[in-house]
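Hi,

Here is the structure I said I would pass on.

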Amino acid sequence: MNKKLLGYLLFFVVLVLGFYYFLFRDTDKWKTKLAVISYVKPFHFTNQDGLPFTDKDMLGKVSVVEYFFTNCKGICPKMNHNMKKVFEQFKNEPDFMIVAHTCDPERDSAQRLKVYADSMKIDNRKWVMLTGRKDSLYQQARSSYLLDDPKNNVEKIEDQFIHTQFFALVDRDGKVRGQVYDGLKQPELDRLAKDIRSLLEEKSGTANFVNGLFNTNPK
């Protein structure tokens, strides 16, 4: 009797496991997902073609985010050289883009960003360079992408300058995922490429909106 009962229990367990396997086998439920570390807050900037670019333009795309400035002679050329190698790996992916922000908007007008973009021979539709108000650009770096210490915003904005080699990764729903990636270290660039591929293969969920805007509270 006990053996018979045990047999029924084992059959039931196998049946339940089989049910859940067939239910979720074509979804991402079985996969270990990259952590959500932040959310993209609403913004309105101008791209290198002089056109408006907002947080809504990132929806549906897996985006790599960086901050740089055009007359930088230090880390920026190295960062963008490495970013271009990342871009070359995914340039044919329709849902991939790079979103680069200037950290020197007083000098980096849309026209200047356009000249810089053209010198790099990049696809302006898939690699956007943004300018705008300095305080808004810096707020995004700190509160959305976690690329700079939020405590730095207590200083006067005119005395601030962000100069970071880190990249952020954003999924199709406006969630900042994984970690911040050092754009000067090959192992972290390799990790970034792997995580980009993971997000491209991940099915989009429901974007986190509150009154039409991104939810700023990770769950």
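Below is what turned up, sorted by topic.

One thing before you start: this is a predicted model.

**Aromatic pairs**

Let's begin with the rings. There are six aromatic pairs in the structure. One of them is Phe68 with Tyr116, a tilted pair whose centres sit 5.2 Å apart, with 40° between the planes. Phe68 belongs to strand 4 (residues 62–68) and Tyr116 to helix 3 (residues 110–120), so this pair ties together parts that are 48 residues apart in sequence. Both Phe68 and Tyr116 are buried.

Go to Phe69 and you find another pair, this time with Phe161: the geometry is edge-to-face, at 5.0 Å centre to centre and 85° between the planes. Here, too, distant parts of the chain are linked, as the two residues are 92 apart. Phe69 is in the loop between strand 4 and helix 2 (75–90), while Phe161 is in the loop between helix 4 (134–144) and strand 7 (166–170). Phe161, with a relative accessible area of 44%, is partly exposed.

There is also an aromatic cluster, made up of Phe43, Phe45 and Phe53.

**Helix 2 against helix 5**

Next, a helix packing that you can pick out on screen. Helix 2 packs with helix 5 (residues 186–201) at an angle of about 30°, and their axes are 11 Å apart. Angles under 35 degrees count as roughly parallel, so that is the label for helix 2 and helix 5. Their crossing is right-handed.

Which residues meet there, between helix 2 and helix 5? On the helix 2 side they are Asn82, Lys85, Val86, Gln89 and Phe90. Helix 5 brings Gln186, Leu189, Leu192, Ala193, Ile196, Arg197 and Leu200. By type, the residues of this contact divide into seven nonpolar, three polar and two charged.

**Helix 4 and what it packs on**

Helix 4 has a set of buried residues: Lys134, Leu137, Tyr138, Gln140, Ala141, Arg142 and Ser144. Lys134 and Arg142 are on that list, in case you want to click on them. The strands that these buried residues pack against are strand 1 (36–39), strand 2 (44–47), strand 4, strand 5 (96–102), strand 6 (127–131) and strand 8 (175–177).

**Some single residues**

Just after helix 4 comes Leu146, with a positive phi of about 60°, although this residue is not a glycine. Leu146 is in the loop between helix 4 and strand 7, and is partly exposed, with a relative accessible area of 37%.

Lys121 also has a positive phi without being a glycine, at about 55°. You will find Lys121 in the loop between helix 3 and strand 6, where this residue is exposed, with a relative accessible area of 74%.

Last, take a look at Asp173, in the loop between strand 7 and strand 8. Asp173 is buried, with a relative accessible area of 6%. Where does Asp173 sit relative to Lys61? The two are 112 residues apart in sequence, but 8.0 Å apart in space, C-alpha to C-alpha.

Cheers

Note on methods: Residues are numbered from 1 along each chain as its sequence is written. This is a predicted model: local features need pLDDT of at least 70, side-chain atom pairs count only at pLDDT 80 or more; totals for chains, interfaces and linings use all residues. Side-chain values use heavy atoms; hydrogens and water are left out. Rings of Phe, Tyr and Trp (its six-membered ring) pair if their centres lie within 6.5 Å; planes under 30 degrees apart count as stacked, over 60 as edge-to-face and the rest as tilted. Helices (H or I, at least four residues) and strands (E, at least two) are DSSP runs, numbered from the N terminus. Buried means under 20% relative accessible area, exposed over 50%, partly exposed in between (1.4 Å probe, protein chains only). Axes are lines fitted to C-alpha atoms, for helices over the stretch in contact, and angles run from 0 to 180 degrees between N-to-C directions. Angles under 35 degrees count as roughly parallel, over 145 as roughly antiparallel, 65 to 115 as roughly perpendicular and the rest as oblique. A crossing is left-handed if the near helix is turned anticlockwise from the far one by less than a right angle, and right-handed if clockwise. Contact means heavy atoms within 4.5 Å. Ala, Val, Leu, Ile, Met, Phe, Trp, Tyr, Cys and Pro count as nonpolar, Asp, Glu, Lys and Arg as charged, and the others, Gly among them, as polar.
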